[in-house]
Amino acid sequence: EVNDPNTTVAPMPLDAIIFDVDGTLAETEETHRIAFNQAFAEAGFPWVWTADLYKRLLLVTGGKERISTYMREIGGDEGFASDSAAIVALHRRKTEIYVQAISQGACVLRPGVRDLIRSAHASGLRLAIATTTSLANVESLLLATIGAEYRTIFATIIAGDMVPNKKPSPDVYVAVLKTMNLTADRCIAVEDSRNGLLAATAAGITTIVTRSCYAADDGMDEASRVVAALPDLVCIEAKADDLVGTAIGDAICDAVLHIHAKSSKRII
């Protein structure tokens with residue numbers, strides 16, 4: 001609390017929005033699960049990851065790490081390192097299956113995502129991606145849902161294999177900040193899961209959570225806002241009279257700016 005009448009408390013300006021991918025931009029996890037199962041079948045493994053099993057395995061970030069964890073659970077500890085040739089090859093095939101499914105329209109963007117991206121980009125905010133998934137998965141989803149223009153819309157994309165540690169480590173967010181020459185207090189993150197939330201907040205970034213299907217029960221106490229989908233932010237942050245004639249993307253963007261302003265006060 002500031003008691004000096006000559007001191008002003010003002011919010012830090014928002015320079016960038018950083019998005020997670022799986023579960024945040026689109027409900028991709030079910031497509032991932034199906035791709036894993038197809039890759040297992042092709043390789044001759046009698047494994048079937050049910051939705052309940054996959055939900056538990058999602059607590060482990062990274063596809064290769066997920067396979068390694070599962071193999072240890074069912075068969076012991078030897079020879080199942082996530083960087084082993086067998087797991088790398090299996091995961092590579094899974095990625096090929098996933099990319100093909102995405103290119104054929106298996107997933108659409110979640111409500112409000114396209115609107116926020118376009119409005120934020122048009123207003124001059126910088127956009128970035130910080131994700132645990134592979135770069136190939138990210139690019140296939142963006143190409144299928146946004147088009148080739150994503151390459152000019154997003155200033156940087158940092159994927160899981162580009163950093164030493166995956167979420168909940170903050171490494172991907174730290175890499176985004178360094179690449180874009182930004183400080184954490186001038187950014188806001190959009191996540192869907194607890195691992196993602198922990199990664200963003202560990203980097204010092206204000207975080208909005210839009211719960212995804214597979215993370216519906218995750219604890220999200222560290223988030224500045226938790227909603228079912230981005231359009232819900234408008235109902236929370238804006239007055240009805242302020243929304244007359246406002247495009248949904250602009251309204252969501254204004255809500256994001258409002259959340260950041262309330263979370264990033266500074267003394268000037």
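The tour goes from the whole chain to its spaces, and then to a few single residues.

**Before you click**

This is a predicted model, in which local features need pLDDT of at least 70 and side-chain atom pairs count only at pLDDT 80 or more, while totals for chains, interfaces and linings use all residues. Residues are numbered from 1 along each chain as its sequence is written, and side-chain values use heavy atoms, with hydrogens and water left out.

**Stop 1: the whole chain**

Show the cartoon first: the protein chain has 11 helices and eight strands. These are DSSP runs numbered from the N terminus, with helices being H or I of at least four residues and strands being E of at least two. Of the 268 residues, 51% count as buried; buried means under 20% relative accessible area, exposed over 50%, and partly exposed in between, with a 1.4 Å probe and protein chains only.

**Stop 2: the largest pocket**

On a 1 Å grid over the protein atoms alone, a pocket is an open set of points with protein on both sides within 12 Å along at least five of seven lines, a cavity is a set where a 1.4 Å probe fits but cannot get out, and lining residues have an atom within 4 Å of a point. The pocket holds about 550 Å³ of space, a volume being the space filled by probe spheres set on the points, which are joined across faces, edges and corners. Now colour α1 (29–43), α2 (51–57), α3 (63–75), α4 (85–103) and α9 (194–202): each supplies at least two residues of the lining. By class, the lining has six nonpolar, 14 polar and 15 charged residues. Here Ala, Val, Leu, Ile, Met, Phe, Trp, Tyr, Cys and Pro count as nonpolar, Asp, Glu, Lys and Arg as charged, and the others, Gly among them, as polar.

**Stop 3: α9**

Stay with α9, where N195, G196, L197, A199 and A200 are buried. The buried residues of α9 pack against α8 (171–180), β5 (187–191) and β6 (206–210); contact means heavy atoms within 4.5 Å. At the start of α9, a side-chain oxygen of S193 reaches to within 3.3 Å of the backbone nitrogen of G196. Just after the helix, G204 takes a positive phi of about 85°.

**Stop 4**

Which loop holds T24? Look between β2 (16–19) and α1. T24 is buried, at a relative accessible area of 2%. Its side chain joins that of D20 in a polar contact of 2.8 Å (N or O atoms within 3.5 Å; within protein, one able to donate a hydrogen and the other to accept it, and residues adjacent in sequence counting only if both atoms are side-chain atoms). T24 also lines the largest cavity, along with others including F19, R110 and L230. About 40 Å³ of space lies in that cavity.

**Stop 5: backbone details**

Zoom to the peptide bond from K167 to P168, which is cis, with omega near 15°. P168 sits in the loop between β4 (154–158) and α8. Finish at N181, in the loop between α8 and β5, where phi is near 55°, a positive value in a residue other than glycine. N181 counts as exposed, at 71% relative accessibility.
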